[in-house]
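Please look over the sequence and the model shown here before reading on. The report below then goes through how its parts are packed together.

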Amino acid sequence: MEGRRPDTQRLLDRLFVAAKAIGRDIAFMEVCGTHTMSAFRCGLHGLLPPNVRLLSGPGCPVCVTAQADIDLMIELADRPRVTLCTYGDMLRVPGARGSLELARSRGADVRVVYSALDALRLAEAEPDREVVFAAVGFETTAPATAALVVEAHRRGLPNLTVLASHKRILPAMNALMQAGEVEVDGFLCPGHVSIVIGAEAYRTFTARYHMPCVVAGFEDWQMILALTHLAEQVCDGRTELENAYPEAVRPQGNPTAVQLLAEVFESADARWRGLGEIAGSALVVRRIYATFDARARFGLVAPVDREPAGCRCGAVISGSCSPEECRLFGTACTPVRPIGPCMVSSEGTCQAWFKYRRRVVTEDVR
Amino acid sequence: MKTNGTIATADRLMAEDEGQHAAAGRARGRVMLAHGGGGQLTDELLQTIVLPRIGNAELCRMLDSAILDVREAGRVALTIDGYVVQPWQFPGGDIGRIAMCGTINDLAVCGAEPVGIALGLIVTEGFPMGDLAAVLDSIHAIASEAGVNVLTGDTKVVGCGQGDGVYVTTAGVGICRGPALTVENVQPDDVLIVTGAVGDHGLAVMLAREMPEVQSVVRSDVAPLNHMLRKLMVDVPGVVWMRDPTRSGLAGVTADLAAQSGWHVALDEERIPVNVATRHAAEMLGLDPLEVANEGKAVIVVRPEAEERALALLRDEPYGRAAVTIGRVTAPRDGVCELHTAIGGRRILQKPYGEQLPRIC
């Protein structure tokens with residue numbers, strides 16, 4: 001999905017020109033873990049004009065998964081005959097009673113899968129095990145979970161269920177705006193999610209909040225390109241929806257995937273780590289597929305959602321607090337022993353900051 | 001006909017496995033607990049499977065200890081490593097190759113010339129004898145290429161469920177000739193060289209383990225580097241420090257270099273060689289090629305005046321053709337390794353956490 005790589009320096013020059021013309025501090029928010037990673041990995045923050053900040057919003061699926069959901073996963077994994085499979089970066093997320101990694105070390109059968117369909121293979125290969133796929137992620141990974149449920153239904157698999165904690169990104173963006181705590185001048189819309197839901201999905205959001213939105217790809221230059229578009233909109237006083245990733249994102253997205261999502265899931269309210277309850281933001285398994293819903297199969301009741309004391313990941317995710325302003329950051333909470341989810345995931349804002357922060361510390365010492 | 005009960009059972013199992021009574025001398029059948037019991041069946045395993053493959057004068061004496069004659073030695077290097085890679089066989093190599101290369105390379109990057117290997121095998125009951133023979137063949141192949149023999153060894157068999165296939169432990173002894181390579185000697189303006197593309201081994205194994213259905217051209221780089229690094233030490237004055245970027249990858253080694261030397265290490269992302277297929281595999285699995293293992297590469301720090309000669313020598317060697325300068329040691333004394341990215345940004349390179357976990361999107 002790589003477009004032709006333009007001259008990044010020329011793009012940066014355009015961004016500097018627009019930023020200078022704006023003449024005040026501005027902030028843009030990305031809401032995608034891969035954007036966080038990509039920006040971090042190419043050192044983008046250090047290249048931006050001094051008055052432009054790039055914030056990381058609630059875009060890392062690991063970071064926004066409520067602690068109660070993690071606790072449910074661990075509770076299931078600890079049961080005899082249960083094989084819990086999930087994506088790799090869920091393993092170290094701390095719940096109230098440790099993490100899946102810890103559960104595995106005391107004997108729970110926890111396996112890392114690369115795609116939802118791996119769970120199907122596992123269930124067929126090990127018919128004596130109850131295979132539970134702990135599914136997290138936005139509209140990017142949700143279609144794969146939906147496909148898994150449909151396929152399990154078609155094959156009549158008796159030992160496969162999904163514990164879905166899927167979320168939708170637009171309700172979260174709406175919630176951020178309605179809370180009014182976030183001061184941003186534009187959104188960098190997530191490329192992968194947009195491949196599924198389509199660029200047009202942000203049309204209403206853009207209009208309702210007079211908020212510039214640009215759909216962005218993940219290469220370093222694609223992010224710079226999208227930021228440049230955003231800055232130029234702010235500079236011109238425009239509030240438009242632009243698609244700066246047309247090579248992958250179509251206006252209406254991927255109708256097959258959208259159809260699949262609607263077939264298997266329905267919207268419901270969900271708790272987001274740090275952000276609380278957001279209406280219509282969850283994708284839960286429809287009743288007609290209840291046989292494959294781990295919550296129904298195992299009669300699971302969500303435990304009380306308690307967030308770790310002192311952890312400010314919620315404020316970090318909503319862009320209203322920088323990681324350094326959290327008391328735990330870099331002292332009690334580090335990538336090796338994370339407390340908050342933003343420190344666990346390599347896509348998490350705190351973990352990315354930790355690496356910058358260390359630099360600041362060493363310079364201070366010097 | 002043997003009368004010992006265990007052996008009779010062994011024979012019956014072997015016969016079942018092969019559909020006929022198998023001759024123990026051929027690498028057929030399966031490893032059984034009794035093969036590790038120290039009795040007749042152990043002897044048979046050694047005489048028919050192990051010694052024909054990796055035997056040499058010293059090993060065949062079957063003493064409780066190998067005796068090494070190292071009168072000339074001043075400083076002696078000693079190293080040990082356990083190998084548990086799953087699957088035991090992967091594109092480009094197997095557990096026997098890595099066990100030998102890993103230990104030989106650990107000695108070589110310390111400036112030591114390997115003189116002998118001690119080999120410990122732990123095999124799970126039921127492991128195919130033919131596979132064990134293949135592992136030993138690999139060990140022999142590397143021993144021949146590197147000119148280092150297995151001088152002593154041990155074989156144990158564990159029951160089903162107590163292990164998974166085959167585990168190999170290798171200890172190595174080497175003699176240090178030439179100057180000591182210590183991180184204290186690293187100083188600003190020193191140059192970092194890597195002997196070739198990084199990330200191949202880690203991704204070849206990850207693909208083989210996690211996505212066996214994916215056809216990929218990514219192959220492990222596992223190779224013994226002792227001859228090449230010996231030549232470098234002898235011919236090029238100004239080699240300061242070496243490490244093999246195994247489990248925590250290039251990032252782990254360069255972060256260690258910065259932390260241990262206390263100096264700043266600046267790497268140029270665009271100069272770090274990563275094969276295209278490896279890069280794509282890394283993206284697919286959500287891994288960073290700089291953080292995964294290599295088994296046939298060295299990171300070498302040389303004085304600036306030695307850079308050209310070192311590169312020329314390395315590029316003349318089969319395992320150093322793609323050797324390239326990737327960065328420099330600089331002031332300030334902050335102990336940080338920083339990567340200068342393709343678009344002119346910077347990021348800190350840290351030692352990875354531990355287990356490589358793929359990301360979601």
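Two residues are said to be in contact, or to touch, if their C-beta atoms, placed from the backbone, lie within 7 Å. In this predicted model, local features need pLDDT of at least 70 and side-chain atom pairs count only at pLDDT 80 or more, while totals for chains, interfaces and linings use all residues. Residues are numbered from 1 along each chain as its sequence is written, and chains are lettered from A and ligands numbered from 1 in the order in which they are written.

Not counting residues up to four places away in sequence, Ala119(A) touches Cys85(A), Val113(A), Val131(A), Phe133(A), Leu148(A) and Leu160(A). A residue is buried if 20 or more other C-beta atoms lie within 10 Å of its own, and helices (H or I, at least four residues) and strands (E, at least two) are DSSP runs, numbered from the N terminus. In helix α6 of chain A, which covers residues 116-125, the residues Ala116(A), Ala119(A), Leu120(A) and Ala123(A) are buried. They lie on the same side of α6(A), because they cover an arc of only 105° around the axis, the arc being that of the directions from the helix axis to the C-beta atoms. The table lists the elements of chain A against which these buried residues pack.

| Element of chain A | Residues |
|---|---|
| β3 | 82-87 |
| β4 | 109-113 |
| β5 | 130-137 |
| α7 | 142-155 |
| β6 | 160-167 |

A nonpolar core is a set of buried Ala, Val, Leu, Ile, Met, Phe, Trp, Tyr and Cys residues joined through C-beta atoms within 7 Å. The largest such core has 126 residues, and Ala119(A) and Phe133(A) are among those that touch the most other members. Helix α11 of chain A (residues 220-236) gives the most to this core, with 9 residues. Because domain 1 (23-308) and domain 2 (313-357) of chain A both give residues to this core, it lies between them; domain bounds come from an automatic or database domain assignment.

Chain B has 10 helices and 13 strands. Of its 361 residues, 50% count as buried. The domain assignment of chain B gives domain 1 (5-56 + 70-176) and domain 2 (183-348), and the C-alpha centres of these two domains lie 30 Å apart. In chain B, 23 residues of domain 1 are in contact with 23 residues of domain 2. On the side of domain 1 of chain B that touches domain 2 of chain B, α4(B) gives the most, with 9 residues.

Note on methods: A residue is buried if 20 or more other C-beta atoms lie within 10 Å of its own, exposed if 12 or fewer, and partly exposed in between; C-beta atoms are placed from the backbone.
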